[in-house]
Amino acid sequence: MSKDKSAKVATPQPVRGTQDMLGDFADRFAHVVETFERVRRLYGFKRVEVPVIEPTAVFARSLGETTDVVSKEMYSFEDRGGESVTLRPEFTAGIARAYITNGWQQFAPLKVATHGPLFRYERPQKGRYRQFHQLDAEVLGSDNPLADAELLVFADQLLKELGIADGVVLTLNTLGDAESRDAWRAALVAHFEGHSGALSEDSLSRLDRNPLRILDSKDPRDRPVADSAPDIDAFLTGAAQDFFGAVTAGLDAAGVAWTRNARLVRGLDYYRHTAFEFVTDRLGAQGTVLGGGRYDGLIENLGGPATPAVGWAAGIERLAMLLTEDAIDNRLDAVIAVEDDDQLAFAMQALAGLRGSGFAAEIVATGSPRKRFDKAAKIPAHALISVSTRDGVPHVNVRGESKRAKDVEAHLPSSPRT
RNA sequence: GCGAUCGUAGCUCAGUUGGUUAGAGCACCGGUUUGUGGUACCGGGGGUCGCGGGUUCAAGUCCCGUCGAUCGCCCCA
């Protein structure tokens, strides 16, 4: 670092809502991704990669051109050719675009999975960043309720293998087919308009924009009206009832626990049938750890053929926060403390030998030699190896009782003979 | 966009009704002690007290503004 303070330059700060990860949290993040990659193979989901940047129209269509979301909450800008482009705020629209433009209809039904960074221009809060990361799984080109069930069983197994299923509950609802949804929506609007005097200001504006959202309002003034609103059940067509019944039967057969949440909704019109969220009470206001649903109308909205599809996404940071302390074992196999610089070459040879044999190993060979043992002892490892000089030759001592420590000891070079 | 809380060393924090030269622990560096040892002690480096303005004899402390962070609201694709 420069000692000339007058020449000090201002360090650029990170972009608001971005984060840097180091050590433990980065390991937890990687553990979530690795577990996802392993489990998705068990379910036959192909890996798919789609661009981080797309024409703004891809997301504008998926989100409804008029909403605040498009105008205020996306990272959009003009490229040098004057085209409006957007950093992806979700995976689904980009995958749907790729499905159309690459002719992936030929592979239908297509099961794909991906993960990576997403961008939303929002105010950061707990577990919610402007650049964040998600896991994503989609089934495109299937109108079979077993596809919904398979995705949910996949999600359930993922959460169980991550060890965070305790305290997480699958909440499930149906939005019906287009006919059911329209009838229910009309009944809801009539109900809310009949009680408009009792609604909060926020919900009065929702009544115009997005009346379904009143159902899950957090404002206590809205709860009586929302709780007394009609469920969709009375408006479901026979086909929609059968569809939902087949999804829940699939879950029951696979042993996946679920609860009905008749208040769980999706605002956008292309959502049909199944809507679901895995919810925890351990993350404050941001309780959803994995959510998704069926979006049979989206691909058509993007100019493609009418194509049924269903999928889910989950925030990697949130999942990483929920991992238990012991989910990650960062311990090295061995740490070598070089207590005498005359034995540095010997210690380096031992270190290279261990690493070459597949052991994770670190060396402590700087600073005061008499403090190196204590320094090494603070590094989590199965085996603590000290190297000193006794009778003019390297003297090695190994501490550690685990099987791994014994393996390490067996791979150390023997002391050179004099 | 709105509200609340908070910004002091690399990290976690203390700092009294405003009052000498702003402290501790951890971390880092050096020394002593111990000598199969994760101990203890001594010392050292490191701070525009987020930034700017104001009140005052005097501001880390009070006031205003600003930037940032956190939590919540809105939104949630």
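Me: Where is the place of Asp-391?
Reply: Asp-391 is found in the loop between β14 and β15. Helices (DSSP runs of H or I, at least four residues) and strands (runs of E, at least two) are numbered from the N terminus. The model is predicted: local features need pLDDT of at least 70, side-chain atom pairs count only at pLDDT 80 or more, and totals for chains, interfaces and linings use all residues. Residues are numbered from 1 along each chain as its sequence is written, chains are lettered from A and ligands numbered from 1 in the order in which they are written, and side-chain values use heavy atoms, with hydrogens and water left out.

Me: Why is Asp-391 called exposed?
Reply: Its relative accessible area is 76%. Buried means under 20%, exposed over 50%, and partly exposed in between (1.4 Å probe, protein chains only). Asp-391 is therefore exposed.

Me: Which peptide bond is cis?
Reply: The bond from Ala-108 to Pro-109 is cis, with omega near -5 degrees. Pro-109 belongs to the loop between α4 and β5.

Me: What makes helix α4 largely enclosed?
Reply: Seven of the ten residues of α4 (residues 92–101) are buried, so the rest of the structure largely encloses the helix. The buried set consists of Thr-92, Ala-93, Gly-94, Ile-95, Ala-96, Ala-98 and Tyr-99. These residues pack against β2 (53–55), α2 (56–63), β5 (110–119), β6 and α10 (298–301). Just after α4, Gly-103 takes a positive phi of about 65 degrees.

Me: How do you know that His-133 is buried?
Reply: The relative accessible area of His-133, in strand β6 (residues 131–140), is 13%. That value falls under 20%, so His-133 is buried.

Me: What makes a set of residues a nonpolar core, and which residues have the most contacts inside the largest one?
Reply: A nonpolar core is a set of buried Ala, Val, Leu, Ile, Met, Phe, Trp, Tyr and Cys residues joined through side-chain atoms within 4.5 Å. The largest has 41 residues, and Leu-135, Phe-278, Trp-312 and Leu-319 have the most contacts inside it. Helix α5 (residues 145–161) supplies the largest share of this core, eight residues. Apart from it lies another core, of 36 residues, including Trp-104 and Leu-302.

Me: How many residues surround RNA strand B?
Reply: There are 39, the closest being Arg-16, Arg-206, Arg-213, Arg-370 and Arg-390. A residue is near the strand if one of its heavy atoms lies within 4 Å of it.

Me: Which residues come close to base nitrogens of RNA strand B?
Reply: A polar side-chain atom of Arg-123 lies 3.1 Å from a base nitrogen, and one of Glu-339 lies 3.2 Å from a base nitrogen. For Ala-377, a backbone N or O atom lies 3.4 Å from a base nitrogen. Two or more residues of the surface near the strand come from each of α7 (201–209), α13 (369–377), β14 (381–390) and β15 (393–399). Helix α13 gives the most, with six residues.

Me: Why is Asp-407 called partly exposed?
Reply: Asp-407 lies in helix α14 (residues 403–410) and has a relative accessible area of 24%.

Key: Polar contact = N/O pair within 3.5 Å; in protein donor to acceptor, adjacent residues only side chain to side chain. Contact = heavy atoms within 4.5 Å.
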